[in-house]
Each structure stands twice: as structure tokens, then as C-alpha cells.
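Here is a briefing on one protein model. Look over the sequence and the fold first, then read on.

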Amino acid sequence: MDLGPTDLQLLAALQRDSTLTAQDLGDVLHLSASQVGRRRQRLEAEEYIAGYRAYLNPEKVGLTVQAFIQIVMATHTEQNARDFVRLTRTRPEIVGAWTLTGEADYLLRVYCADLTALNLLVQQVLLPHPAVSRVQSQIVMERVKPDAPLPV
């Protein structure tokens, strides 16, 4: 389905604030609340909207260290990849994982309570994993731009 300008405006508004009511969205888009509600339901049903969540302040919940970790696989077998992906999905401190082109095979985004917890993740979980050959971590010093809405 092709998205029209109103659909794109609705998606942009919801990315900025997903708690807006149908009435609030209608005011922004110059539509009735029921029209906006139907459009929103259609966009959800067609999976343009993948879900809603609250974004937490990591420091407020005790997660003071954010890091990106590059993983190089020891061997590139289907089983190794499956096992490693399973690991990324079961460890709560791994909040994002991507496969990459280039030198590293995976990039992980992690949040830990402190440097000790990050060290334990690297030394006791990632490095001993049989699929992993090398681990390189970069600790985030300052976040200069938060995750932004998609440019729709």
C-alpha cells in the first residue's frame, strides 16, 4: 500500500508522541477523531506501526554504562549463528543486535549497571561463547543525539 501525506503526518506525529489521543491527532491533522482512529487502526493492522513503548531513563533505573560491542565469529556456521543469536535474545543487558558487513559480524548495544557488570558480560558470557572469536567494546561517554524518529 502507498502511504498518502496524511498517513505520513500521522506516523510522524505518533513517533514524536505515541500517547496522543485520537482527538489530539485529529486537531493536528485537521481530521475528526474517528477518521484518525480508523487510519491508525489500519496502519497498525498493516504493520506500519510495529508497536508502542515507554522509553525509560537508563540512569534512573540503575543502568549507568552503555556500550557498543563488536563481535567477530570464530566460524561462520549456521549453528554458530543460531546459537549466538539465541544468546543475544536471552541476555537482558543486550538491548540491540545487528549483523554487519565489514570486519565485525555483529554489533551489540548493551546497558549495564556499572563497569563491573559490563566486564562480566564480556569476560564470562561473550568471550567464552564457542561461536565468538573476538570481542571489541566501546563505552559510550556521552549521548549527543537520542534515538530519533524515522524520517517519514
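Strands β2 and β3 (residues 106-112) pair in the antiparallel sense over five bridges. Two strands count as paired if DSSP finds at least two bridges between them. The model is predicted: local features need pLDDT of at least 70, side-chain atom pairs count only at pLDDT 80 or more, and totals for chains, interfaces and linings use all residues. Residues are numbered from 1 along each chain as its sequence is written, and side-chain values use heavy atoms, with hydrogens and water left out. Helices (H or I, at least four residues) and strands (E, at least two) are DSSP runs, numbered from the N terminus.

**The sheet**

- Four strands make up an open, antiparallel sheet in the order β2-β3-β1-β4.
- β2 (94-99) and β4 (132-139) are the edge strands, each with a single partner, so one side of each has no neighbour in the sheet.
- Neighbouring strands are turned by 20° against each other on average, direction ignored.
- In general, strands of a sheet pair through backbone hydrogen bonds, either parallel or antiparallel.

**Helices on the sheet**

- Contact here means heavy atoms within 4.5 Å. Axes are lines fitted to C-alpha atoms, for helices over the stretch in contact, and angles run from 0 to 180 degrees between N-to-C directions.
- Helix α4 (residues 78-90) packs on the sheet and touches β1 (65-73), β2, β3 and β4. Its direction makes about 20° with that of β3.
- α5 also packs on the sheet, touching β1, β3 and β4. The direction of α5 makes about 15° with that of β1.
- A117 sits in α5 (residues 115-126). Is A117 buried or exposed, or something in between? At 27% relative accessibility, A117 counts as partly exposed.
- The scale is this: buried is under 20% relative accessible area, exposed over 50%, partly exposed in between (1.4 Å probe, protein chains only).

- The axes of α1 (residues 5-16) and α3 come within 11 Å and cross at roughly 80°. That makes the two roughly perpendicular.
- Angle classes: under 35 degrees is roughly parallel, over 145 roughly antiparallel, 65 to 115 roughly perpendicular, and the rest oblique.
- T6, D7, L10, L11 and L14 of α1 meet V36, R39, R40, R42 and L43 of α3. The residues of this contact divide into five nonpolar, one polar and four charged.
- Nonpolar covers Ala, Val, Leu, Ile, Met, Phe, Trp, Tyr, Cys and Pro; charged covers Asp, Glu, Lys and Arg; the others, Gly among them, are polar.
- Buried residues of α1 are D7, L10, L11, A12, A13 and L14. Their cover includes α2 and α3.
- α2 and α3 have axes that come within 8 Å and cross at roughly 100°. They are therefore roughly perpendicular to each other.
- A22, Q23, L25, G26 and L29 of α2 meet A33, V36 and R40 of α3. This contact divides into five nonpolar, two polar and one charged.

**Positive phi in loops**

- Most residues other than glycine have a negative phi.
- H30 has a positive phi, near 60°. H30 lies in the loop between α2 (22-29) and α3 (33-45), and is exposed at 71% relative accessibility.
- E47 has a positive phi near 65°. E47 lies in the loop between α3 and β1, and is exposed with a relative accessible area of 66%.
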